[in-house]
Amino acid sequence: MTALERTYDGIIIGAGHHGLVLGSYLAKAGLDILLVDRRLDYGGGLCTKEATLPGFYHNLHSINHFHISETPWFKDLGLAERVTYITPRYEFGQPHLDGSALVFGRDLEETLANVARFSQKDARTFREWNRKAEQITRDIFLPERYSEPLPQAERERLLARTAGGRDFLVMTQRQPLDVVNELFENDHVKLLFLFKVSLFGTWLVDTMSKTSPMGSIIRAFDLQSGYQLCQGGSFNLARGLMETFIAAGGRFQPQVAIDRIVVEGGRATGIALTDGRTVRARQFVSSTLDVHQTFEKLIGRTQLPQAFTRKLDDFQYTGWTLFGVHLALEESPNFTAAQFDPNVNRALKWSLGAETMEDLFSAFTDVRANKAPKVIQFGSGPMSLLDPTQAPSGKHTTYAWHVMPLDPDIGTQSWDDFKEEFSEKIIETFARYAPNVSGKKILGKYVYTAKEYAQEMINMRGGDIFMGAFNAEQVMFNHFGYRTPIPNLYMSGSAAHPGGAISGGAGYISAGLIARDIGAKLWWKPWDAHEALGAMQEA
């Protein structure tokens, strides 16, 4: 009997990291789980390819993973036995055209000394807020990231009990951009803080919301938790998760074309395939796809309550995309600014091109006007310098991620010509900071834009790498939700808290909810925000 001719306890749609985390927990709980995917590949954004030359491994989507080896699911699933993470000493680096550089590392005193070279006042501010931020991240931000969000009133009541909670509440009610402008005086310091908060640094949408319920601005001051690199490439996390899922008794079936989610008697009971077959689920169906693919295509609006279809219509996607350039190199980038601070060459994430706040606003204005940014500014990093397994011995890789509208106004120019021209502008800008990223030192180039990846990863509607905007109206207590109006049907993907990017949060949290709902035995102790916030003490 083939995988698609059996009945299962549960069916999970989508073999990205959320589906793999969810499936691993429930399979280990003794449930018979089928995980299906439209594609032959699995892992979703955990994608590593030899895109330029043999032996040069490029992470085309997810590269830097936030605090992954310390997440509850990484520990519960014993992934350290299958997957290795690298935690660089230096996390953020920003070289400047005047030859200076600003570097944030894991060590507080070293980082403060680096900031003080630009502003003694900003260094004092950083010290003051770092003390608060380390406690807030440990006691609030991380526990909330891996717990079902509390109702707003309950959350605010618990947070108001302690000084740290009150500081955090104040921050969540303010615009991150305002906070950075108010606290710091030096443009270089402001730019690197915004880069740290906004993931890619060249975009302001997420830092210009009127409020920030997740409190992500706090993370900019925290040095103990941060980004890590998956050894050998991001796909290795997907591989480790798939091995765990299969070892627990789970069943994976790729290349499954789903016509619809079967709803009988008002409950989700399986999936109907385009070839006419039906696969039954005794207890639940969970989707990790985007909300419109799940509810418009696979369910249909006529089966949904009117209030839910309004929620679906109001759902917002990220208003920008990524223009990616992946390079195979003779040498790792060597910045002119390394003479000022040699550690800039080894920082995990580089902010390049924006020299002033005006430069940053320029990109924001251009993309909102559906134009390719005039001021070239992007994120990058020394992948193979930190992880030599990602390139042949003695050779190197790097990348550039630049913000871009999905379909910028390029006049009569062809898309292929525009891609080539804009990628060369990025390389020219890179070379202004690191002269060895040029000429024959570049062994190979691969340009990967939203026009390509949105066709390959159809969850990324409109080129949205997060499958949903991180605005105040749809994060934390406003998130899309794990349970749906259809009994036995769950959402376990990036539209649910804690949102897009590689966190594993939605898969982890929904595993606990589903297990409780269907009466399965929980072999783990799910994190609980009420318990964590209730246990907070004064520092």
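1. Cys 230 has 1% relative accessibility and therefore counts as buried (buried means under 20% relative accessible area, exposed over 50%, partly exposed in between, with a 1.4 Å probe and protein chains only). Cys 47, at 6% relative accessibility, counts as buried as well. The model is a predicted one, in which local features need pLDDT of at least 70 and side-chain atom pairs count only at pLDDT 80 or more, while totals for chains, interfaces and linings use all residues. Residues are numbered from 1 along each chain as its sequence is written, and side-chain values use heavy atoms, with hydrogens and water left out.

2. Searching the whole structure gives 0 disulfides (a disulfide is a pair of cysteine sulfur atoms within 2.5 Å). Cys 47 is in no disulfide, and the nearest cysteine sulfur to it belongs to Cys 230, 13 Å away.

3. The largest nonpolar core has 66 residues, and Phe 104, Phe 126, Phe 193, Ile 217, Ile 218 and Phe 221 have the most contacts inside it. Helix H4 (residues 120–145) gives the most to this core, with 8 residues. A nonpolar core here is a set of buried Ala, Val, Leu, Ile, Met, Phe, Trp, Tyr and Cys residues joined through side-chain atoms within 4.5 Å; helices (H or I, at least four residues) and strands (E, at least two) are DSSP runs, numbered from the N terminus. A second, separate core of 42 residues includes Ala 15, Ile 33, Tyr 85 and Phe 284.

4. Leaving out residues up to four places away in sequence, Phe 221 touches Phe 126, Trp 129, Asn 130, Ala 133, Glu 134, Leu 183, Phe 184 and Phe 193 (contact means heavy atoms within 4.5 Å).

5. Helix H10 (residues 291–299) is largely enclosed by the rest of the structure, because 7 of its 9 residues are buried. These are Val 291, His 292, Gln 293, Thr 294, Phe 295, Leu 298 and Ile 299. They pack against strand E1 (8–13), strand E11 (258–264), strand E13 (278–287), helix H11 (306–314) and strand E19 (489–491).

6. The second largest pocket has a volume of about 210 Å³. Its lining has 17 residues, and Ser 147, Glu 148, Trp 527, Asp 528 and Ala 529 lie nearest its centre. Helix H16 (505–518) and helix H17 (529–534) each supply at least two lining residues, with the largest share, 5 residues, coming from H16. By class the lining has 10 nonpolar, 3 polar and 4 charged residues (Ala, Val, Leu, Ile, Met, Phe, Trp, Tyr, Cys and Pro count as nonpolar, Asp, Glu, Lys and Arg as charged, and the others, Gly among them, as polar).

7. Pockets and cavities are found on a 1 Å grid over the protein atoms alone: a cavity is a set of points where a 1.4 Å probe fits but cannot get out, a pocket is an open set with protein on both sides within 12 Å along at least five of seven lines, and lining residues have an atom within 4 Å of a point. Grid points are joined across faces, edges and corners, and a volume is the space filled by probe spheres set on the points.

8. There are 5 cavities of 30 Å³ or more. The largest cavity holds about 90 Å³ of space, and its lining divides into 8 nonpolar, 7 polar and no charged residues.
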